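Please look through the sequence and the fold below before reading on. The paragraphs that follow take the reader from a sheet to a helix, then to single charged residues and their partners.

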Amino acid sequence: MALVGTPDIEQVPLVVSHGDWTAIGTVRIDNRAELERWASREGTGLTDLELVLHTVARHGPTYVPQFLGDFAFVVWNDATRIAVAACDAFAVKKLYYVERNGLFYLASRAEALALDERYDVQYLAERLAACIPTPGLSIYAGVKSLPSGTLAELQRGKLTTRRYWSPYEFDIEPTWTKSQPEAAETCRALLAESVRLRLGEGKLETWAQLSGGMDSSSVVSVAQWLATRGAVPNGLAGTITFVDSFGTGADEREYSDAVVRRWGLRNETVIDPPLWHDDQYEPPNTDEPTADIMFHPRDYRLCDIVRGAGGRIVLTGGAGDSLFTGNMFFFADWLRHGQVRPALREMAHRAAVGRASFWELAYRNALLPLLPRALQQRLVRDQAGMPPWVLGRTARRYGLAARASAPSSYAGRVGHKYHDAVAIGISELAAGIPVGLLEDTLDVRHPYLYRPLVEFALRLPPELCARAYARKWVLREAMRGILPDTVRTRVGKGAVFGRLAWSLAAQRTILAPLVQEPILAELGVVDAAKLRASFEAAQHAPDSRERLHADVQHTLGIEAWLRMRSGRWPCGTTSRKCQGSKSITPRQRAL
């Protein structure tokens with residue numbers, strides 16, 4: 001076995017040794033006290049990676065499923081030739097591996113294991129179709145990723161893997177319905193503990209993103225609430241807010257400013273940063289395609305602000321929607337359990353207050369989830385649709401239509417539709433966590449991905465999350481007295497869809513080359529003519545309720561990443577030119 005390390009920015013050493021044992025990885029442990037006890041190393045001041053090494057050396061993989069935090073590591077014994085590897089429950093930290101000529105190679109970046117620029121067509125097709133990803137794939141052909149919440153053992157030249165954590169292992173705890181104040185207090189305590197564990201020790205170390213939405217505002221407010229109570233040595237050094245002044249409701253400074261005033265925080269505001277390209281920055285060389293690639297000029301500015309102020313950690317509000325928003329499939333569960341009148345009464349109430357069609361609401365959330373799976377897939381697929389430029393033969397080859405996100409959300413067990421839809425959303429978090437510029441430059445931490453908090457959310461009944469005009473009810477209640485009421489009681493939130501649609505026309509010079517002879521077409525993933533037609537159509541209907549412009553932008557992001565890797569994008573800028581760049585044939589790229 002060979003270990004390949006790719007160090008993170010300003011992290012502790014990635015390799016430690018003790019006797020015959022060697023550990024390599026990126027590790028941030030939440031339950032250090034438990035690891036110290038398991039390793040019999042209390043009070044020794046070991047790093048988190050050293051604690052992992054000593055725990056595995058003493059007990060093998062026994063306690064790995066109980067490790068909490070963000071980690072991807074390999075522990076190797078040179079005498080027994082046995083290795084234990086693991087990835088955290090949400091794959092915040094990545095681990096990749098490949099077998100060649102009887103040797104296993106492992107790395108924290110997939111590109112470190114790729115012998116050439118051959119890409120995995122199935123991975124790309126699944127990304128374009130926005131379907132449930134196949135565990136273990138990576139962008140590079142032949143390079144496998146260790147799925148989230150997975151433990152691997154290497155013995156006698158054979159690698160075996162098993163899932164040690166899954167959101168499907170939990171079920172709703174009905175007693176929370178009768179103990180709502182206790183549920184809110186538990187939510188507050190768990191989020192506070194998560195934020196405490198993710199704050200850096202230095203006064204200038206930790207910053208946070210602050211959008212003005214409930215999730216990021218709660219993280220910021222909890223950090224400062226802990227500091228004022230003396231529960232942590234330092235709160236946040238500052239916050240960063242991105243302002244989009246394009247479109248109605250996109251500028252959320254009314255809410256972010258309320259949080260800043262409440263806690264007297266430093267707030268750096270970046271107004272209308274360019275999308276896709278900024279002449280002062282080179283396109284980023286990220287390990288895998290990321291949905292945020294169009295925002296990399298904004299991310300460069302965030303990195304400049306944080307590092308210029310002496311910071312190295314950034315807290316996000318990501319994943320809060322998946323935990324606490326809920327869904328309305330509980331109507332199907334109520335019908336299945338004979339609660340017909342309560343279901344009809346509540347649907348009528350929601351239709352009235354939301355000025356929506358009762359029949360549409362009932363069809364989508366009560367009837368459709370209970371239909372036979374085959375009929376369900378056909379109806380949902382017809383409504384949601386797959387981008388028309390995805391080649392039909394490719395979609396059929398990999399069964400993409402049946403695994404699209406919209407049909408899959410209806411696939412839960414009868415009588416458990418609500419919970420299983422929540423679990424599906426949480427299981428998809430690993431695929432949605434970026435591996436981009438921010439993660440390559442700063443230590444990005446996600447307070448909503450604290451495993452005890454996620455497990456708590458998985459047990460919540462719908463009454464505590466999916467209330468009419470009070471989504472995330474339990475989080476709202478948990479934040480009483482901490483989060484300014486103007487944020488805590490707000491309904492809805494802003495979005496950047498208007499600007500994304502606008503950018504297709506405004507930045508046509510940069511984006512149009514992406515649909516001319518696209519690499520994705522060379523690989524057999526898209527129909528180039530249909531992609532070009534959709535690109536043109538999306539520019540002329542920016543206010544359409546359809547998601548055409550969003551789907552086009554998503555595809556352009558993956559195409560842009562492929563072009564960056566081959567040195568052929570962006571064109572028409574003063575930064576990197578297309579001419580003279582190396583070209584790689586489809587045969588070289590495709591699996």
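Strands β11 (residues 206–209) and β12 (residues 238–243) run parallel and are joined by three bridges, where helices (H or I, at least four residues) and strands (E, at least two) are DSSP runs numbered from the N terminus, and where two strands count as paired if DSSP finds at least two bridges between them. Within this pairing, Ala-208 stands opposite Thr-239 of β12, and Gln-209 has Ile-240 of β12 as its bridge partner. This is a predicted model, in which local features need pLDDT of at least 70 and side-chain atom pairs count only at pLDDT 80 or more, while totals for chains, interfaces and linings use all residues. Residues are numbered from 1 along each chain as its sequence is written, and side-chain values use heavy atoms, with hydrogens and water left out.

The two strands belong to an open sheet of five strands, in the order β13-β12-β11-β14-β15 and with parallel pairing. Its edge strands, each of which pairs on one side only, are β13 (267–271) and β15 (443–445). Neighbouring strands of this sheet are turned against each other by 25° on average, direction ignored; axes here are lines fitted to C-alpha atoms, for helices over the stretch in contact, and angles run from 0 to 180 degrees between N-to-C directions. Helix α7 (residues 296–308) packs on the sheet and touches β11, β12, β13 and β14 (313–315), with a direction that makes about 160° with that of β12; contact means heavy atoms within 4.5 Å. Strand β12 is mostly covered, since five of its six residues are buried, a word that stands for under 20% relative accessible area, whereas exposed means over 50% and partly exposed lies in between (1.4 Å probe, protein chains only).

Burial also marks helix α18 (residues 451–458), where seven of the eight residues are buried, so the helix is largely enclosed by the rest of the structure. The buried residues are Arg-451, Leu-453, Val-454, Glu-455, Phe-456, Ala-457 and Leu-458, and they pack against α4 (180–198), α8 (320–324), α15 (417–427) and α19 (473–478).

The side chain of Lys-94 instead reaches the backbone oxygen of Ala-91 at 2.7 Å and the backbone oxygen of Ala-430 at 3.5 Å. Not counting residues up to four places away in sequence, Lys-94 touches Ala-72, Ala-107, Ser-108, Ala-430, Ile-433 and Val-435.

Leaving aside neighbours within four places in sequence, Glu-126 is in contact with Cys-131, Ile-132, Pro-133, Thr-134, Leu-137, Leu-400 and Arg-403.

Elsewhere, charged side chains do meet, and the structure holds 30 salt bridges. In one of them, Arg-32 and Asp-48 come together at 2.6 Å, N to O; Arg-32 lies in helix α1 (residues 32–38) and Asp-48 in helix α2 (residues 48–59), so the pair ties together parts that are 16 residues apart in sequence. Arg-32 is partly exposed, with a relative accessible area of 25%, whereas Asp-48 is buried at 15%. Glu-111 forms a salt bridge with Arg-109, their closest N and O atoms being 2.9 Å apart; here Glu-111 is partly exposed at 24%, while Arg-109 counts as buried at 17% relative accessibility.

In a further salt bridge, the closest N and O atoms of Glu-536 and Arg-508 are 2.8 Å apart. This pair links distant parts of the chain, with Glu-536 in helix α24 (residues 528–540) and Arg-508 in helix α22 (residues 508–511), 28 residues apart. Glu-536 is partly exposed, with a relative accessible area of 31%, and Arg-508 is partly exposed at 34%. Finally, Arg-28, Asp-30, Asp-70 and Arg-198 are linked in a network of salt bridges.

Conventions. A polar contact is a pair of N or O atoms within 3.5 Å; within protein, one must be able to donate a hydrogen and the other to accept it, and residues adjacent in sequence count only if both atoms are side-chain atoms. A salt bridge is a side-chain nitrogen of Lys or Arg within 4 Å of a carboxyl oxygen of Asp or Glu.
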